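Me: I am new to this structure and would like to go through it step by step. Could we begin with the charged side chains?

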Amino acid sequence: LALKSGEEAARLARSIPDFKREAEALNKMGVVYRNLAKYDSALNKYNQALFISEKIKDSVQVAFSLNNIGGIYRLEG
């Protein structure tokens, strides 16, 4: 349900467009994937969020994305 809600949030943000909210939704979906131990899917969402955040120069979401990516690499050893 969390992933479905995240997809809907990202879709709605894209349609407005509100890139900040889209990046937030992608980062949160990545957290759900991380908690499910689906690290490749988590990295995919975090990298999508990072790309958008860098494009719009949102340093807060860039930091969240990079922190989340680092967390995955730490988990993977």
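Reply: A salt bridge is a side-chain nitrogen of Lys or Arg within 4 Å of a carboxyl oxygen of Asp or Glu. This is a predicted model, in which local features need pLDDT of at least 70, side-chain atom pairs count only at pLDDT 80 or more, and totals for chains, interfaces and linings use all residues. Residues are numbered from 1 along each chain as its sequence is written, and side-chain values use heavy atoms, with hydrogens and water left out.

Me: How many salt bridges does the count come to by this rule?
Reply: The count comes to six salt bridges. In one of them, the side chains of Glu 8 and Arg 11 meet at 2.7 Å, N to O.

Me: How are Glu 8 and Arg 11 placed in helix α1?
Reply: Glu 8 and Arg 11 are three residues apart in helix α1, so about one helical turn separates them. Helices here are DSSP runs (H or I, at least four residues), numbered from the N terminus.

Me: Which residue forms a salt bridge with Lys 45?
Reply: Lys 45 pairs with Glu 7, and their closest N and O atoms are 3.3 Å apart. This pair links distant parts of the chain, since Lys 45 is in helix α3 (residues 39–56) and Glu 7 is in helix α1 (residues 2–15), 38 residues apart. Lys 45 counts as buried at 12% relative accessibility, whereas Glu 7 counts as partly exposed at 36%.

Me: And what does Arg 14 pair with?
Reply: Arg 14 forms a salt bridge with Glu 22, the closest N and O atoms being 2.8 Å apart. Arg 14 is partly exposed, with a relative accessible area of 41%, but Glu 22 counts as buried at 6%.

Me: What is Glu 22 in contact with, leaving aside its neighbours within four places in sequence?
Reply: Glu 22, which lies in helix α2 (residues 19–35), is in contact with Ala 10, Ala 13, Arg 14 and Ile 52. Contact means heavy atoms within 4.5 Å.

Me: Which residues are linked in a network of salt bridges?
Reply: The network links Lys 20, Arg 21, Glu 24 and Asp 58.

Me: Changing topic, which residues of α3 are buried?
Reply: The buried residues of α3 are Ala 42, Leu 43, Lys 45, Tyr 46, Ala 49, Leu 50, Ile 52 and Ser 53. These buried residues pack against α1, α2 and α4 (59–76).

Me: What follows α3?
Reply: Lys 57 follows α3, and its phi is positive, near 60°.

Me: How do the axes of α2 and α3 cross?
Reply: The axes of α2 and α3 come within 8 Å and cross at roughly 160°. Axes are lines fitted to C-alpha atoms, for helices over the stretch in contact, and angles run from 0 to 180 degrees between N-to-C directions. The two helices α2 and α3 are therefore roughly antiparallel to each other, a term for angles over 145 degrees.

Me: Which residues meet there?
Reply: Among them, Phe 19, Glu 22, Ala 23 and Leu 26 in α2 meet a set in α3 that includes Tyr 39, Ala 42, Lys 45 and Ile 52.

Terms used: Buried < 20%, exposed > 50% of the residue type's maximum accessible area, 1.4 Å probe, protein only. Parallel < 35°, antiparallel > 145°, perpendicular 65-115°, else oblique.
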